[in-house]
Amino acid sequence: MPRASVARVSNDADVSADGLDTDEVASADPATATERERWEELVAAIETARERYYEQDAPTISDAEYDALFRELVELEARHPELVSADSPTQSVGGTQSDMFEPVTHLERLLSLDNVFSLEELDGWFGRVERELGSLPELLCELKVDGLAVDIVYEHGRLRSLATRGDGRVGEDVTANVRYIPAIPRRLRGDGTHPVPALVEVRGEVYFPLSGFTALNDEMLALGRSPFANARNAGAGTLRQRIDRREEELAAARERASSTVARLQDDLDRAVRRLGMLALVVHGIGAWHGHEPQRQSVAYDALRGWGLPTSDRARVVGTVDEVREFIAYYGEHRHDVEHEIDGVVVKVDDLALQGRLGSTSRAPRWAIAYKYPPEVVRTRLLRIDVNVGRTGRVTPFAVMEPVRVAGSTVAMATLHNQHEIARKGLLVGDLVFLRKAGDVIPEVIGPVVEERDGSETPFEMPTHCPSCSTALAPAREGDVDIRCPNTRSCPSQLRERVFHLASRGALDIEGLGWKAADALLADGIIADEGDVLGLQAADLRRSTFFTREAGKDEPGGRVLTANAERLLAELHQARERPLWRVLVALSIRHVGPTAAQALAREFADLDVIAATPVDRLAAVEGVGPTIAASVADWFTVDWHREVVEKWRAAGVRLADERDESRPRPLAGLTVVITGTLPGWSRDTATAAVQERGGKVAGSVSKKTDFVVAGENAGSKLDKARTLGRPVLDATGFQALLDAGPAAAEEHLVPADD
């Protein structure tokens with residue numbers, strides 16, 4: 001077998017393939033002076049970015065910006081091949097060997113990967129592989145871990161060296177740190193199936209688990225340093241430490257009885273603790289002295305057998321559609337993984353075919369990285385404004401230069417409170433790292449301190465409400481938030497409460513969005529949220545927002561719009577919503593769907609809840625003292641009780657019908673409902689469980705008794721499998737309702753379904 005056939009590649013891709021091949025694309029015209037100048041600018045910018053990324057682990061541009069620069073360079077060189085030189089970034093692997101570490105020459109070159117950013121570009125790679133081989137072979141799909149590429153050599157099963165990738169030929173020797181990294185085995189164990197070779201060189205990614213990333217960044221901010229933009233940089237910065245030098249400095253300080261001993265000890269303890277958190281996933285092989293496997297996937301079996309951590313998410317597939325499905329699945333579930341991923345790597349599984357396809361000067365032709373949209377970008381913080389919420393909380397938020405991140409354009413992000421702004425060290429005018437993970441609210445990670453020029457200014461929290469000019473103050477001593485105490489008539493709070501009561505988690509009233517809520521208040525149709533449920537057609541006709549000019553065949557004047565008619569129908573249905581939704585709609589602080597369901601399940605009547613002592617409320621499972629105190633306090637306010645009476649007068653159902661004679665077979669059970677169940681809405685399924693004494697939770701935990709999974713169940717089903725919780729389909733759910741948990745056990749969905 002040709003030596004080049006063994007997988008010697010890092011899953012750390014840093015070049016755009018774009019479906020371009022400089023052997024196929026060429027320009028008839030030489031590059032202009034402007035194009036040559038732009039080529040030099042791109043090369044300089046990319047080399048600077050590489051130095052910051054690979055050598056200093058402190059990038060000042062985002063991955064998306066780097067990809068855009070590299071993409072432009074690839075396209076420019078494809079049009080003008082005469083610009084390509086041996087030292088062009090497109091012809092070399094990113095990164096160099098730092099002077100801080102001893103150099104290590106890899107036994108086999110550690111290549112990088114080409115990138116594609118769309119399914120169309122991926123199809124271009126499929127086409128090239130098929131043309132070269134005559135047909136598309138079996139492919140190996142695996143997650144592209146966003147970590148630090150490493151090269152590990154074992155001799156006779158014992159670890160000989162751990163090195164960073166460097167420039168692909170020479171890396172940095174970080175072997176001394178292995179003693180503090182439990183995730184990297186120091187000795188391989190063989191068996192009859194997978195004997196350990198006399199010498200083997202493995203490639204993988206060292207990463208910082210997401211579970212500890214937030215705490216690490218909090219620590220960095222507390223030390224007055226820029227936060228890590230992502231877990232990859234955290235992992236790289238952690239691994240690339242000279243622990244031996246820190247130990248020497250500490251020993252010398254102790255001999256001198258120096259006052260710096262405590263500080264040096266703290267620094268060393270912190271560094272060792274971080275090293276202990278590092279994890280490893282192995283995804284390739286370099287040199288291998290002994291019997292070589294025939295397929296990449298078989299090589300993974302051997303690695304796993306020796307005790308090296310490999311991914312259990314890798315899949316061998318036979319069709320393009322299966323590759324697309326794999327990419328789509330992890331595009332949706334990328335945040336269910338314990339480490340950051342920024343794409344999917346697709347490889348030809350057969351090692352002999354890998355050898356036939358070969359490599360360019362920096363990347364194999366038998367593998368490609370499909371990159372997901374970036375989730376961390378840089379943008380400028382233009383100003384900080386504040387928003388007043390429905391409970392009076394004044395929340396600062398960042399207004400930024402609009403930037404594309406995670407598939408959407410973002411211009412604003414919450415900053416939580418003034419203490420969070422100070423903790424992150426943000427100044428107005430800062431260049432900041434912005435993160436948007438999937439559908440999560442955008443978050444400003446922190447400033448790029450190195451980019452400050454002195455023009456940045458500190459933010460000052462307002463002393464008066466921007467909506468009603470009332471003096472702001474903490475709700476109670478020790479409260480980190482400041483609030484507007486004008487809860488009854490502050491325009492912002494009123495509007496947010498009206499909007500909230502119509503939300504899906506509350507009364508679920510279509511047609512009553514933010515603009516409609518604003519129109520009802522601005523036109524004087526309602527004074528507060530208490531008037532909403534009693535609205536009639538005559539009320540809406542008083543507003544131009546809810547009316548339109550009459551048509552030729554209609555009575556003169558203005559008539560209700562279709563949206564207004566729908567709103568009236570929705571209000572009629574909202575009056576019959578279950579009690580827990582009414583509780584959520586009242587905007588009682590801390591009371592969300594889970595607590596509201598617990599209270600409704602226990603007491604079934606709003607008047608009973610209002611009259612119940614706080615200690616009795618706190619004793620309800622899922623409530624506790626904080627929520628109980630908030631509920632009790634809410635009912636002591638006169639105008640709050642007026643809202644309840646207005647709703648009562650409008651015909652809102654304030655109590656759930658409960659047949660005490662009916663058996664409660666699900667008492668004490670916790671059920672999670674996910675996906676679409678035939679014949680059930682989420683509300684009716686929830687009500688059915690609660691009527692039988694069960695509790696419906698919003699997330700899966702070890703305390704979950706059953707997970708009811710319909711179509712498109714998503715991540716909750718995955719977590720149920722991980723935790724080993726019982727799963728029911730629609731048939732099993734009906735059995736649970738009809739005959740209880742023992743009957744449901746006979747209808748469990750097998751784990752492999």
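A residue is termed buried here when its relative accessible area is under 20%. By this criterion, in the predicted model, the buried residues of helix α13 (residues 514–522) are Ala516, Ala517, Ala519, Leu520 and Leu521. The cover over these residues includes helix α12 and helix α14 (537–540).

For α12 (residues 491–501) and α13, the packing angle is about 130° and the axes lie 9 Å apart. Angles over 145 degrees count as roughly antiparallel and those of 65 to 115 as roughly perpendicular; the two helices are therefore classed as oblique to each other. Their crossing is right-handed. On the α12 side, the residues in contact are Leu494, Arg495, Glu496, Val498 and Phe499, which meet Trp514, Ala517, Asp518 and Leu521 of α13. Of these, Ala517 and Leu521 also belong to the buried set of α13.

The protein as a whole contains 25 helices and 25 strands. Of its 753 residues, 51% are buried. Among contacts with a sequence separation of 6 or more, 69% are between residues 24 or more positions apart.

Strand β5 (residues 148–155) is largely enclosed by the rest of the structure, because seven of its eight residues are buried. The strand pairs with two others. Eight bridges connect β5 to strand β8 (residues 199–207) in an antiparallel arrangement, and within this pairing Glu155 has Leu199 as its bridge partner. A further six bridges link β5 to strand β6 (residues 158–164), also antiparallel; here Val153 stands opposite Ser161.

Thr164, within the span of β6 (residues 158–164), makes a side-chain polar contact of 3.0 Å with the side chain of Glu172. Glu172 is located in strand β7 (residues 170–172). With a relative accessible area of 1%, Glu172 is buried.

When residues up to four places away in sequence are left aside, Leu426 touches Leu381, Leu415, Ile421, Val432, Val444, Gly446, Pro447 and Arg452. The C-alpha atom of Leu426 is separated by 9.2 Å from that of Glu456, a residue 30 positions away along the chain.

Helix α24 (residues 730–739) has Gly732, Phe733, Ala735, Leu736 and Leu737 as its buried residues. Elements covering them include the strands β22 (670–674), β24 (706–709) and β25 (727–728), together with the helices α22 (682–691) and α25 (741–744). The N-terminal end of α24 is capped by Asp729, a side-chain oxygen of which lies 3.1 Å from the backbone nitrogen of Thr731. After the helix comes Gly740, with a positive phi near 95°.

Note on methods: Residues are numbered from 1 along each chain as its sequence is written. This is a predicted model: local features need pLDDT of at least 70, side-chain atom pairs count only at pLDDT 80 or more; totals for chains, interfaces and linings use all residues. Side-chain values use heavy atoms; hydrogens and water are left out. Buried means under 20% relative accessible area, exposed over 50%, partly exposed in between (1.4 Å probe, protein chains only). Helices (H or I, at least four residues) and strands (E, at least two) are DSSP runs, numbered from the N terminus. Two strands pair if DSSP finds at least two bridges between them. A polar contact is a pair of N or O atoms within 3.5 Å; within protein, one must be able to donate a hydrogen and the other to accept it, and residues adjacent in sequence count only if both atoms are side-chain atoms. Axes are lines fitted to C-alpha atoms, for helices over the stretch in contact, and angles run from 0 to 180 degrees between N-to-C directions. Angles under 35 degrees count as roughly parallel, over 145 as roughly antiparallel, 65 to 115 as roughly perpendicular and the rest as oblique. A crossing is left-handed if the near helix is turned anticlockwise from the far one by less than a right angle, and right-handed if clockwise. Contact means heavy atoms within 4.5 Å.
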